[in-house]
Amino acid sequence: MCRPGLIVSVVVASLGLLSSAYAQSTVYMPAVLELSGSGAVSGTNFRDGMILAVEEINAKGGILGKKIEMPLLDTQSEAGIARAQVQKVLDNNPYVVLGPVFSGSVLTAMLLTQQAGVPQLVGGEAAAITQKNNPYVFRTSFGQQFSMPKIANYVRDGVKAKTVAVLWVNNDFGKGGRDSFIKEMASRDIKVVADVSTEAGQADFSADVVKMKAANADAIFVYLNEEESARFLKEAKKQGIKSPLIGETTLLGQKVIDLAGDAANGVRGHVGLTVDAPIPAVKEFAERFKKRFNYVCDHNGIKGYTGIYFIKYVTEKMGKFDSKLFAHTAHGIAVTPKEEPGILMEATWDQNGDVDRESFLGEVVDGKQKIVQILPKLGK
Amino acid sequence: MNRLGIIVVGAAVIFAIAVPFFLKPFGIYLISMWAVLTIAAMGLNLTLGYAGQISLAQGAFVGIGAYTTALLIQAGWPYPIVFISAGLLCFAIGWGLGYPALRVQHHYLAFVTLAFTTLVFLVLRNEEWLTRGIYGISGIARPTLLGWSTANARDFYFFCLGALTVIAAATWWMLRSPWGRAFIALRENPIRALSLGLDTRRYTLMAFAIGSGLAGLSGALYAPLVQFIEPNSFALGLSFNLLLMVIVGGGGCFFGPFVGALVAVLLPEWMRITQSYYLMVYAAIVMLLLAFCPSGLLGLIERVIKATRGRRGPDGIAPNAERANP
Amino acid sequence: MASFIQLLVSGLATGAIYALIAVGFTLLWQTSQTINFAQGEFVMLPAFFILSAMNWGAPFWLAALIGIALSVAILGLLFKIIIVDPMLRHGVLPLVISTIALSLFLKESVKDFYSSQAQPFPALVPSTDIHIFDAVISTQSLAVLAVAIVTVVALQVLLNKTRVGRCMQATAQNPTLARILGIPTRRMVLYTFLINGVLVAVASILVSPIYLAKFTNGETLGMAAFVAAIIGGYNQVRGAILGGVILGILDNLSAAYVSSQYRGAFPLLVLIAVILLRPQGLFGRIEERTV
């Protein structure tokens, strides 16, 4: 038996593994995102938000005189590939790594950026991300440990519920949200009468709706991904669920509304970031985004956009490009729209990398998300 | 193995030892992954290539090995014991699964292993108290052996390469032993083997169990390589990937898994621009190979060489005479 | 009690879908020893043919016909000629692996060339809800049930009452003998593939409005088809149908009354139990194995 193929493969392979260095007059900030696969919508929104910010900044001369260089790498929505891609970009000494959005991918990649001492700006919302003592990770939106207290307050004060049923998707996103939510319910003396898990990609929700109906709770908290949310809402309407359906950003998003049709009307919940916010800066951003990319962005677009401006602000504060000093400077920093208009809404980053901002209570009315109330920052 | 084969393998070994010095950490990570996956693919090759049984559980066994390793390392057990435990545990589970499953007809093992993989995934995800559930286990330390720390990327690669060499040698020896010869006879002509008094089921079961054990060893290396494991990595996707690797490389060829794993690890890199199409191209390659050359890439190379050698007719041997396959 | 009936009714509707897919799977297995691991993807794909046709301006009824035609041509005829015939020469094992590779190929192709996002799909019948004994069932689910029953009855008639059907059965039971008796076995086998092409297209049209057209649909549907076929008895079309319905109801009941985290495990445990204890399935015949 001959194995010349083995040698040839290895030779050609190693040629493919060598890579090039980057120019000195730019700052290298690679983006590792879900550009295909199940996370493609989130990843592409996040990417486009960042691209808009980068174009605006580069048009004005860049950060501290250096233009931003942001090559895009696709994780294909898989944690293993995300890890490999982050490993790849770390070989080229980036200033900051951007993304991923999926919590599972973030958790995998975080170890590498921490080892390398490179700050990582992520879109993931799982609580665990900022609970690992990693000084280099920074969120672009609320972690579940920030959004859940707000929702819990609404359940207690707005809906005035004494009992609640929880429906969640059994992945890191859903489980993390469910764990945080249950904790918040316990501390507010609200009883959880049903705790039902569902599978990602599940199509048949009749059993779950039956269980929700049987639980007869004052409110039902729904924490699923977009398609599953739509399917659940349709089934819930079909079987005539009476309790109010409460959700978090995803449940009130346009995608769910489009897929669920009028089954989405009446859904209420907490919305962290939305282009429907009654804030002029956000509305102007939404206009610019729509003009540049020809579609309406979701909350991931806002995450990406404000994230880049956050990096700009911190860097200008330091006066130089220093990855390790970035981590030190960014903890505890507050960025206001007055100092940096690109941040759109005032935001503070704490010692764990969590971000705190105003947020909103929304309701789906006639097929559109309507903002009913603005909630203040948790901290301050 | 003929002289040319020995030269090729020798050159490959030298190459494998030299190459990490020319690569960045990402490249070293890739070739470490290649070494780890080759071990799992070798195991599957025993089951699929030699014994002719379709197993879709190889990924699950890698997962069981990886989780065992991660939990035991974090409980403070010394690595060599952990390594062997992972292999033995998977061997035992493989035996237990195969015993009843191989009683039934050929194609049913595929479905049983399919169900098993999904069940393993569910257990890994739901039993938080044991496996930390969906959040996975992070911060898995790389072992220190006799004072040599493998924490560095290059050191860990050599560790993987060493493990691969030892395991490959053991497997090669096993296949050359009387047991191994009987086993191969099984594949060539199962009815004849039966008539000679060989217990087909016994051999097939051993092959499946050993194959699963090898997957466990692969998992024991996978966990410290990636340093963060979660249930999703060991679902059906990995089993399919390993299956494709064995086929592409050449089922039933000893070095098939090496080539197959190399293609699987490097194909996404070669297709850098159209990276998300990689799996589609991979699947297409497999279908084409199966249609035209079921013995995989190695079989293809072999045929080409036979064709050219046949024309030239070296050593005065008539062009149509063929040498027996090892 | 009302909820139990609801679960039963919903399970029946889901089970009807599984039955439809399992029937095609069983048919292929029976007549040509083809274990089609890509059956789930075969059901996922026609929906995208239809969506593409609609994107080019065709009205739904025309797009549906185009979808069925393409399904028969590609998933029936081409599948047989390009993949099954060459592979069968090498044995059942390469064919099974080939269909595994095919399932990956189809899934990734749709993801890359169409979209990775779920697409809304127009329903055959407008969705209104009907109340039966305190349970609610949608007209869509009833349509699925109706079409499934009609299809199965038609298939049974075809197989048992027509000459062609009986030739197909003969080919399934003993191809050599059938050939000796003058039955054009290759054509019979071709017919089963074409029938499967129709079945998966119909299943696709029925399923996609509820599930939404998505490239990952094949995974769950395929698995359900295998489980249903094996539980019911892979060598009897009747068995596939009963297997599908049992599976649908079992699924729903276990999700409601047993742990919801392990909802996926129940059907799999039943599958393993059936394979180990009664390999021919609950309603199948014991097959004689020739050496």
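**Conventions.** I number residues from 1 along each chain as its sequence is written, and letter chains from A and number ligands from 1 in the order in which they are written. In this predicted model local features need pLDDT of at least 70, side-chain atom pairs count only at pLDDT 80 or more, and totals for chains, interfaces and linings use all residues, while side-chain values use heavy atoms, with hydrogens and water left out.

**Entry: C:Thr139.** I located C:Thr139 in helix H5 (residues 139-161) of chain C; helices are DSSP runs of H or I with at least four residues, strands are runs of E with at least two, and both are numbered from the N terminus. C:Thr139 counts as buried because its relative accessibility is 18%, the limit being under 20% relative accessible area (1.4 Å probe, protein chains only). Leaving aside neighbours within four places in sequence, I found C:Thr139 in contact (heavy atoms within 4.5 Å) with C:Val125, C:Pro126, C:Ser127, C:Thr128 and C:Ile130.

**Entry: chain C against chain B.** I noted 39 residues from chain C and 39 residues from chain B in the contact. About 3600 Å² is buried between the two chains, with 79% of it from carbon and sulfur atoms; buried area is the accessible area (1.4 Å probe) that two parts lose on being put together, summed over both. C:Ile97, C:Tyr262 and C:Leu276 supply 15% of the area that chain C buries here, more than any other three residues.

**Entry: chain C against chain A.** Here I noted 25 residues from chain C and 25 residues from chain A. The two chains bury about 2100 Å² between them, 48% of it on carbon and sulfur atoms. In chain C, C:Gln117, C:Gln261 and C:Arg263 lose the most area to chain A, together 25% of what that side buries. I found 2 salt bridges across this interface; C:Arg263 and A:Asp208 meet in a salt bridge through their side chains (3.0 Å, N to O). H1, strand S2 (135-138), helix H8 (185-211) and helix H10 (237-257) of chain C each supply at least two residues of this side, and the largest share, 5 residues, comes from H1(C).

Notes
Buried means under 20% relative accessible area, exposed over 50%, partly exposed in between (1.4 Å probe, protein chains only). A salt bridge is a side-chain nitrogen of Lys or Arg within 4 Å of a carboxyl oxygen of Asp or Glu.
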